[in-house]
Amino acid sequence: MLVFCLDQVYQTPAVLYHKPGEKAQITCFHNAGHNQMYWYRQRPGETMTLIVYTVFGGQPDYGGAAPTKYSAIKDSIYNGSLTITDLLPEDNGVYFCAVSKHSDVRSVSS
């Protein structure tokens with residue numbers, strides 16, 4: 001079965017320039033009404049990696065990322081934000097969000 005989604009996800013600002021030591025904030029909006037938001041980063045020449053998973057009404061899951069470096073908030077069903085503190089040259093990359101309404105899957109049978 002193939003399912004198409006016509007919902008839109010938007011990020012602002014489209015481009016950020018900051019000096020080392022400053023902080024940057026990216027905001028994500030969507031019209032899908034999904035309560036889960038994922039923030040990814042792709043550094044030049046590397047594959048993308050998940051930074052943090054957030055859910056409306058819950059605590060962010062930073063996995064291996066440092067919660068002192070990143071701060072994620074999902075303050076409503078329709079938006080959230082990612083803040084990166086104490087910027088360093090290695091923080092350069094493409095950051096983007098994705099949203100989902102899928103239920104929690106604990107195991108997958110093959």
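**The largest pocket**

The lining of the largest pocket is made up of 14 nonpolar residues, four polar ones and two charged ones. In this scheme Ala, Val, Leu, Ile, Met, Phe, Trp, Tyr, Cys and Pro count as nonpolar, Asp, Glu, Lys and Arg as charged, and the others, Gly among them, as polar.

Before I continue, a word on the source. This is a predicted model, in which local features need pLDDT of at least 70 and side-chain atom pairs count only at pLDDT 80 or more, while totals for chains, interfaces and linings use all residues. Residues are numbered from 1 along each chain as its sequence is written, and side-chain values use heavy atoms, with hydrogens and water left out.

A pocket here is an open set of points on a 1 Å grid over the protein atoms alone, where a 1.4 Å probe fits, with protein on both sides within 12 Å along at least five of seven lines; lining residues have an atom within 4 Å of a point. The largest pocket holds about 480 Å³ of space, the volume being the space filled by probe spheres set on the points, which are joined across faces, edges and corners. Which residues lie nearest the centre of this pocket? They are Leu16, Asp91, Asn92, Gly93 and Tyr95, out of 20 lining residues. Strands β2 and β7 each supply at least two residues of the lining.

Gly93 is partly exposed, at 28% relative accessible area; the term covers the range between buried, under 20%, and exposed, over 50%, with a 1.4 Å probe and protein chains only. The C-alpha atom of Gly93 is separated by 9.4 Å from that of Glu46, although the two are 47 residues apart along the chain.

**The strands**

Let me now turn to the overall arrangement. The chain has zero helices and seven strands; both are DSSP runs numbered from the N terminus, helices being H or I of at least four residues and strands E of at least two. Of the 110 residues in the chain, 29% are buried.

Three of the strands form an open sheet in the order β4-β3-β7, with antiparallel pairing, where two strands pair if DSSP finds at least two bridges between them. Strands β4 (48–55) and β7 are at the edges with a single partner strand each, so one side of each has no neighbour in the sheet. On average, neighbouring strands of this sheet are turned by 20° against each other, direction ignored; the axes are lines fitted to C-alpha atoms, and angles run from 0 to 180 degrees between N-to-C directions.

Between β3 (residues 36–42) and β7 there are seven bridges, and Trp39 stands opposite Cys97 of β7. Ala98 also belongs to β7 and is partly exposed, at 26%. Its C-alpha atom is separated by 5.1 Å from that of Tyr38, 60 residues away along the chain.

Strand β2 has antiparallel partners as well. Four bridges join β2 to β1 (residues 9–12), with His30 as the bridge partner of Val9. Six bridges join β2 to β6 (residues 79–84), and here Ala24 has Ile84 as its bridge partner. Five of the seven residues of β2 are buried.

**The disulfide**

What joins Cys28 to Cys97? A disulfide does, with an S to S distance of 1.8 Å, the criterion being a pair of cysteine sulfur atoms within 2.5 Å.

**Two backbone details**

Most residues other than glycine have a negative phi, and most peptide bonds are trans. Against that background, the peptide bond from Thr12 to Pro13 is cis, with omega near -10°; Pro13 is in the loop between β1 and β2. Asp86 is not a glycine, yet has a positive phi of about 45°. Asp86 is in the loop between β6 and β7 and is partly exposed, at 48%.
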